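Welcome! Have the sequence and the 3D view ready, and let us walk through a few parts of this protein together.

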Amino acid sequence: MEKQCVFAGFGGQGILTAGLLVASIGAMQNREVTWIPSYGSEMRGGTANCTVKLSDDPIASPFAKKIDILVVMNQPSLEKFISQMKEGGIIIYDSSIIKEKPNKSEVHFIEIPATSLCEKISYERGANICMIGALAGSTDLFEKENYETGINHYFAKNPQFHKSNQAAFLSGYDYVQGR
């Protein structure tokens, strides 16, 4: 089973890190994985996105033809990628930033106020990790514990952020589980 995921937002929101983190978790689960970043020359403040493919079988191409899961943190990126969504796909979006949800009935929208939730826990930089929590709570890509282990492993060189990252992850996970 192959899943084609796109993570998109502004440079500086940690969107490439979020995609790389999910790809790393996939690799830790012995899945076939690709991660392809794309960002403008201005990076911070400009648009940034990455494509992550996860599969049990070898992956022929790292590029997404039709997106199964879109994790999006700004309006321009939502507008850019919505037409590439697979019927029945999932769009997880930061409703703290994205105010206009398009009318597209063939996809499932999951609203999460990630930026606001992270402001409440005094970890504004963690909105991308909160979005991963929402991904964990609303899809079956991996078990919750795999995400938690993967986050700690990915940030192993920065253990001072473990508690904050865990709080951001759980904020997103609990938010979508409580809906």
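Where is Ser83 found? Ser83 sits in the loop between H2 and S5.

## Before we go on

This is a predicted model, in which local features need pLDDT of at least 70 and side-chain atom pairs count only at pLDDT 80 or more, while totals for chains, interfaces and linings use all residues. Residues are numbered from 1 along each chain as its sequence is written, and side-chain values use heavy atoms, with hydrogens and water left out.

Helices (H or I, at least four residues) and strands (E, at least two) are DSSP runs, numbered from the N terminus.

Ser83 is exposed, with a relative accessible area of 52%. Here, buried means under 20% relative accessible area, exposed over 50%, and partly exposed in between (1.4 Å probe, protein chains only). Ser83 and Ile112 are 29 residues apart along the chain, and their C-alpha atoms are separated by 21 Å.

Gln84 also has its place in the loop between H2 and strand S5 (85-94). With a relative accessible area of 28%, Gln84 is partly exposed. Apart from neighbours within four places in sequence, Gln84 is in contact (heavy atoms within 4.5 Å) with Lys65, Lys66 and Ile67.

## Inside helix H2

Now step back to Ser77, which lies in helix H2 (residues 75-81). Its relative accessibility is 3%, so Ser77 counts as buried. If we set aside neighbours within four places in sequence, Ser77 is in contact with Ala8, Gly9 and Val72.

Helix H4 covers residues 127-138, and at 1.5 Å a residue its twelve residues should span 16 Å; the expected span is 1.5 Å times one less than the number of residues. The end C-alpha atoms of H4 are 16 Å apart, which agrees.

Eleven of the twelve residues of H4 are buried, so the helix is largely enclosed by the rest of the structure. Among them are Asn128, Cys130, Met131 and Gly133.

## Where H1 meets H4

How do H1 and H4 pack, and at what angle? Helix H1 (residues 15-28) packs with H4 at an angle of about 40 degrees, their axes 9 Å apart. That makes H1 oblique to H4; angles under 35 degrees count as roughly parallel, over 145 as roughly antiparallel, 65 to 115 as roughly perpendicular and the rest as oblique. Axes are lines fitted to C-alpha atoms, for helices over the stretch in contact, and angles run from 0 to 180 degrees between N-to-C directions.

Thr17, Ala18, Leu21 and Val22 in H1 meet Asn128, Ile129, Ile132 and Leu135 in H4.
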